[in-house]
Amino acid sequence: MVTQVQIVEWLQVFASVIEHHKEDLTELDASIGDADHGINMDRGFKKVRSILPSVAGKDISSIFKTVSMTLISSVGGASGPLYGTWFLRASSATAGKQELTAKDMLNLLQSGLEGVIERGKAQLGDKTMVDVLSPAVTAFEQAVNEGMETVAALRVAVGAAEGGLKETIPMLAKKGRASYLGDRSIGHQDPGGTSAYWMLRSLLEVVEG
Ligand code: ADP
Ligand code: MG
Ligand code: MG
């Protein structure tokens, strides 16, 4: 079971990781975008961190809803609405829950991914966060279906996310600002994929304890 307390801790850890790696994300985005991904994410997750005390006793779904609204209102660019949508779908997938089973977590991860795809229309191989989130969901699903517990399944999912992230390097970007570069987008790791990988890795770190 993943508890409500762990979900709050995850958001705190992810906010700290973003803060710590703000320059790295911005540098990645400088290569194939407009050098603001770290700035965008840090602005949004600093705001998220600041509102966490006000949602401390709420259920997981309400927390995700607040995170979503906070990101949509404070993060510009492509990543704000996309992460906002991920958390909005995560909220719908966890209605009324105070803790999450492995199946609940699968539902959450699947719903978040579906939201990002519906919103951004990116397919696998377009060099976006989808290339990280999608293999993670597939791996998590398979692991859960094989009977693995949440922590073990998340470990597998984070491994798949990391693999997906590395695979973005040789890809030619077909969505977002990086797509304006055409062939020059090849050879660089996707910034949004990088933050998405850290989001999943932060969750794993928290549930591993
Ligand atoms: P912007 O590109 O508007 O400056 P950011 O720099 O914050 O926004 O975010 C860029 C990241 O957003 C990309 O690295 C990519 O992972 C993600 N992204 C951009 N467009 C899409 C899309 N249509 N679908 C999914 N992810 C996308
Ligand atoms: Mg950018
Ligand atoms: Mg921008």
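The radius of gyration is taken here over C-alpha atoms, and the globule rule is 2.2 Å times the number of residues to the power 0.38. For 209 residues a compact globule would therefore have a radius of gyration near 17 Å, and the 16 Å of the protein chain agrees. The model is predicted: local features need pLDDT of at least 70 and side-chain atom pairs count only at pLDDT 80 or more, whereas totals for chains, interfaces and linings use all residues. Residues are numbered from 1 along each chain as its sequence is written, and chains are lettered from A and ligands numbered from 1 in the order in which they are written.

The C-alpha trace spans about 45 × 40 × 30 Å along its principal axes. Helices (DSSP H or I, at least four residues) and strands (E, at least two) are numbered from the N terminus. The protein chain has nine helices and two strands, in the order β-α-α-α-α-α-β-α-α-α-α.

Of the 209 residues, 50% are buried, that is, with 20 or more other C-beta atoms within 10 Å of their own, the C-beta atoms being placed from the backbone. Contacts are pairs with C-beta atoms, placed in that way, within 7 Å. Among contacts between residues at least 6 apart in sequence, 66% join residues at least 24 apart.

Leaving aside residues up to four places away in sequence, F140 touches L106, L109, A153, L154, V156 and A157.

Helix 6 has 19 residues and reaches 27 Å from first to last C-alpha, close to the 27 Å expected (1.5 Å times one less than the number of residues). Its buried residues, including L106, L109 and G120, pack against strand 1, helix 5, strand 2, helix 7 and helix 8. Just after helix 6, K121 takes a positive phi of about 60 degrees.

Ligand 1 is surrounded by 24 residues, the closest being G77, S79, G120, G176 and G192; a residue is near if its C-beta atom, placed from the backbone, lies within 6 Å. The helices below each supply at least two residues of this shell, and helix 9 gives the most, with three.

| Element | Residue range |
|---|---|
| Helix 3 | residues 37-51 |
| Helix 5 | residues 79-93 |
| Helix 6 | residues 102-120 |
| Helix 9 | residues 191-208 |

How values were computed: Buried ≥ 20, exposed ≤ 12 C-beta atoms within 10 Å, placed from the backbone. Contact = placed C-beta atoms within 7 Å.
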